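Take a look at the chain below.

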Amino acid sequence: PQLERMDLTPAPYIEKPTSRTSKKNSKSRFDYLQALVTEFQDSNHDAKEQILANLSNFAYDPVNYEYMQRLNIIELFLDMLSEDNQKLVQFAMGGLCNCCLDTKNAQIIVENCGIPLIVQCLSSEDEETVLSAMTTLIYLHSTPTKKEIATKVVKDCMNIYSQSQNSKLSNLARIFLSLGENPSSNSVENMAKVN
């Protein structure tokens, strides 16, 4: 028998209605993100992980950046990098990685002393946290931040990771190290070459 071909194209995202007269449970993106931030602040330890994971996922979409900036979600991610709970650190680092290519978001990270916090995540025992930290440093590596990011400590760490048996770690470390060799190189283009 012949198999039927399935259409695997994703359905388009449809914004929920924002009118007060619409369904009670419908919220705009801003309202929804605001509710998540409030819930995060009022929640117990376990619920915070799930809420931060949700916020991190919203950081993928540039449509949410203005709302994230207004709600100080990027600063929330930065605050969570100092937590003892490794899941909170992982989700926060992932959120920063998801949104740091945006110029305003990058500026918020830098202005809030985020680079040293991200660098500290390079020594995490959690692989996902390290991968997100490496990727974020690659994305943030530019003329204004180069001196703060391309320190001897970070380069030494990347040299160690470049020798890793883990290809994800070694590839990202090599990309980072290549940024120093070719100052005009584009970090996004370098990442595309790895694949």
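## Overall fold

Helices here are DSSP runs of at least four residues, numbered from the N terminus. The model is predicted. From the N terminus on, the elements of the protein chain read α-α-α-α-α-α-α-α-α-α-α-α. That comes to 12 helices and zero strands.

Contacts across the sequence also matter to the picture. Among contacts in the protein chain with a separation of 6 or more, 57% link residues 24 or more positions apart.

## Surface and burial

The protein chain has 195 residues, and 44% of them count as buried.

## Helix H4

Why is helix H4 largely enclosed by the rest of the structure? Helix H4 spans residues 73-80, and six of its eight residues are buried, so the rest of the structure largely encloses it. Buried means under 20% relative accessible area. The buried residues are Ile73, Ile74, Leu76, Phe77, Leu78 and Met80.

Several helices supply the packing partners. The buried residues of H4 pack against H1 (29-42), H2 (45-58) and H3 (65-70), and also against H5 (86-99), H6 (103-111) and H7 (114-120).

## Nonpolar core

In soluble globular proteins, nonpolar side chains tend to be buried together. The largest nonpolar core in this model holds 54 residues. Which of them touch the most other members? Leu55 and Leu81 do.

Leu81 has contacts beyond its sequence neighbors. Leaving out residues up to four places away in sequence, Leu81 touches Val89, Ala92, Met93, Leu96, Leu117, Ile118 and Cys121.

Note on methods: Residues are numbered from 1 along each chain as its sequence is written. This is a predicted model: local features need pLDDT of at least 70, side-chain atom pairs count only at pLDDT 80 or more; totals for chains, interfaces and linings use all residues. Side-chain values use heavy atoms; hydrogens and water are left out. Buried means under 20% relative accessible area, exposed over 50%, partly exposed in between (1.4 Å probe, protein chains only). Helices (H or I, at least four residues) and strands (E, at least two) are DSSP runs, numbered from the N terminus. Contact means heavy atoms within 4.5 Å. A nonpolar core is a set of buried Ala, Val, Leu, Ile, Met, Phe, Trp, Tyr and Cys residues joined through side-chain atoms within 4.5 Å.
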